[in-house]
Amino acid sequence: MVDSQHDVIVVGGGIAGCFAAATAAAEGVDVVQLERKPREEGGFIACGDAIKSPRNPTNYPGPIDMDAVANDESVLIDNNIDQIEWWDEDLGVRKVLPYQNGSNVIDRYEFGQRLLEQAADHGVEQHYDTVVNEVVQDGRVTGVKAIRDGEPVTYECDVLIDTAGAQSILQDMVDFEALDTPAEPTFEVPHYTHFGSAYREIIETEEPVDYHNAIVGKPLEEMGYIWYFPRTPTQINVGLGFQMNKEPIPLADRLRRDVENRPEFRGANVAERFDRKNKLGSAIALRRPLDSMVAPGYLTAGGAAGTTHPITGKGIRGAAYSGYSAGRAAALAVEDGDVSEAGLWEHNRWLYREHGEAAKLASWDAYNVAASSIDVSVLRAVTALLPEKELREIVGTSTEVDGLKSKLLVGAGVLRNFATETRKGTFDELGVDRTELYEAVLGLKRTRDYVSEYERRYEAYPAERSSFERWRSERDRLDREFYDALELSPDERKY
Ligand SMILES: Cc1cc2nc3c(=O)[nH]c(=O)nc-3n(C[C@H](O)[C@H](O)[C@H](O)COP(=O)(O)OP(=O)(O)OC[C@H]3O[C@@H](n4cnc5c(N)ncnc54)[C@H](O)[C@@H]3O)c2cc1C
């Protein structure tokens, strides 16, 4: 029995879900949003709380009023971040990168609550305490089954928008091969090694920390990082994450070890929310956005679609604009009466070609591939060598990316730093072989060239579904060239 029928079902009450639901509803279609948590816990999500330029409409398109969200004092709790710092304390390295393009630290819970309220104001029907446990399909995705307040319910729809977060369980529930597509489905479920695992605590210190205007990163023993993101001078979001293609790290224990060794955290307490310690962990996408985020009757966005920065793991902005895109494409397809792959293709087209940020993320993933292929001690030495401008570009904070294209500048900076760090004995400290280091630097320089090649390839992303296979085979050829250049064996290749 069908309990509820809608034009669009959005699964997930996170950022992508709210942007998708509000956008589709504002376009005039009937939307239900399903969230497994209770209403009061909506938006209580593991996050480092760092958000980029909340007032920039390019980052946050659509009907959600981000100015209203950003003007809310309970949300934008730290508006003073003006630098990023990279500390490799074993090596005595402290890199300070000015961060002028509007980074802020938010209260992620309050932020999530405001988004849910705005989605409801746009006419979205919201069902909380509703856990989706099956996707229904018949040539196309036609709905979901769920447990709502302990009772089984069935929902039917024209389009299902999957915004259930990184490693979305819905993608395991759909049999993509069994859907009606003109050729092989364009949607591919991502592999688990394309994700990271991350964990954070909110801690309250007795005294203000002296880096309250900075977001701080430090290396881990595996590829990944520890962060200190001050929400206020005495309330710090501390966390860490690693990529699942590396040895697992017991995150909570590793974080405790770090925090307990820092003088500024002596006597600090873990803050509470909902009468429990404010500690949360989750998966995080560390890959390029999916080649195609659509299937018949199905769209995906946010962490579920891999629209996260492949190096830093930041995904708020990607979830917002991809959620907007999914909501818009779903509404257009419902109005046109065509929810096939081709009918929903507008989502892919807008993200890769018109907005373009998905293309940038996909290109920068080459840095993730290159970094994953380097031993972590060599990687730390390379980071110590990199000129700050280069680092700024890699972590995606540069406002002068085009000006940085001069490889000569970067090359000269690396050489200069190489001489300085050699004098300081940095590489001896890490036990890094200089030839290995030199090769890693060359590999990184080569990667820069490949990033530009990928950018060109993604600029040619197909506007129509029918040209997808040709485009993908060209892109796959570039992957192979890149892997060969990095001398990766077949089992080291990411895709
Ligand atoms: C520890 C950590 C720190 C991070 N730090 C930052 C940062 O500082 N800055 C930044 O930009 N990004 C950060 N990220 C990434 C960012 O949090 C994510 O990219 C972003 O939350 C993705 O949003 P989303 O809406 O796609 O998914 P989510 O925020 O994960 O929302 C998914 C929603 O779907 C619901 N759901 C899942 N399954 C079901 C189901 N079966 N039925 C019903 N509901 C379901 C969940 O309860 C959840 O509410 C961090 C991630 C982690 C894990």
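# Reading a predicted model, feature by feature

Modeller: Phe229 counts as buried, at 6% relative accessibility. Buried means under 20% relative accessible area, exposed over 50%, and partly exposed in between, with a 1.4 Å probe and protein chains only.

Biologist: What should I know about the model itself?

Modeller: This is a predicted model, where local features need pLDDT of at least 70 and side-chain atom pairs count only at pLDDT 80 or more, while totals for chains, interfaces and linings use all residues. Residues are numbered from 1 along each chain as its sequence is written, and side-chain values use heavy atoms, with hydrogens and water left out.

Biologist: Where is Phe229 found, and which residues does Phe229 touch?

Modeller: Phe229 is found in strand S13 (residues 224-232). Helices (H or I, at least four residues) and strands (E, at least two) are DSSP runs, numbered from the N terminus. Contact means heavy atoms within 4.5 Å. Not counting residues up to four places away in sequence, Phe229 touches Gly48, Ala50, Ile215, Val216, Gln235, Ile236 and Asn237. Gly239 is 10 residues from Phe229 along the chain, and their C-alpha atoms are separated by 8.6 Å.

Biologist: Which UniProt annotation covers residues 198-247?

Modeller: An unreviewed UniProt entry gives "domain: Digeranylgeranylglycerophospholipid reductase catalytic" for residues 198-247. UniProt positions are in the numbering used here, feature names are shortened, and annotations may be inferred rather than shown by experiment. Over residues 198-247 the chain is 62% strand and 0% helix. The end C-alpha atoms are 14 Å apart.

Biologist: Is Leu251 buried or exposed?

Modeller: Leu251 counts as buried, at 10% relative accessibility. Leu251 lies in helix H5 (residues 251-260). Leaving aside neighbours within four places in sequence, Leu251 is in contact with Ser197, Ala198, Tyr199, Leu240 and Phe242. Arg475 is 224 residues from Leu251 along the chain, with 35 Å between the C-alpha atoms.

Biologist: How do I read strand pairing?

Modeller: Two strands pair if DSSP finds at least two bridges between them. Strand S4 (residues 83-88) and S5 pair over six bridges, in the antiparallel sense. Trp87 stands opposite Arg94 in S5. Four residues lie between the strands of this hairpin, and Gly92 takes a positive phi near 70°.

Biologist: Which residues form the covered face of strand S5?

Modeller: Val93, Lys95 and Leu97 form the covered face of S5 (residues 93-98). Arg94, Val96 and Pro98 form the uncovered one.

Biologist: What about phi in residues other than glycine?

Modeller: Most residues other than glycine have a negative phi, and most peptide bonds are trans. Here Ser53 has a positive phi near 35°. Ser53 lies in the loop between strand S3 (50-52) and helix H2 (66-71), and is buried, with a relative accessible area of 12%. Asp275 has a positive phi near 60°. The loop of Asp275 runs between strand S16 (272-273) and strand S17 (276-277). Asp275 counts as exposed, at 75% relative accessibility.

Biologist: Why is helix H8 largely enclosed by the rest of the structure?

Modeller: Eight of the 10 residues of H8 (residues 346-355) are buried, so H8 is largely enclosed by the rest of the structure. Among the buried residues are His347, Trp350 and Leu351. The buried residues pack against strand S19 (294-295), S20, H6, helix H7 (341-344), helix H9 (357-372) and H14. Gly356 follows H8, with a positive phi near 90°.

Biologist: Which backbone nitrogen does the side chain of Ser322 reach?

Modeller: A polar contact is a pair of N or O atoms within 3.5 Å; within protein, one must be able to donate a hydrogen and the other to accept it, and residues adjacent in sequence count only if both atoms are side-chain atoms. The side chain of Ser322 reaches the backbone nitrogen of Gly302 at 2.9 Å. Ser322 lies in helix H6 (residues 316-336), and is buried, with a relative accessible area of 0%. Residues that Ser322 touches include His347 and Leu351.

Biologist: Where does Thr312 lie?

Modeller: Thr312 lies in the loop between strand S20 (298-300) and H6. Thr312 is buried, with a relative accessible area of 15%. The side chain of Thr312 reaches the backbone nitrogen of Lys314 at 3.3 Å.
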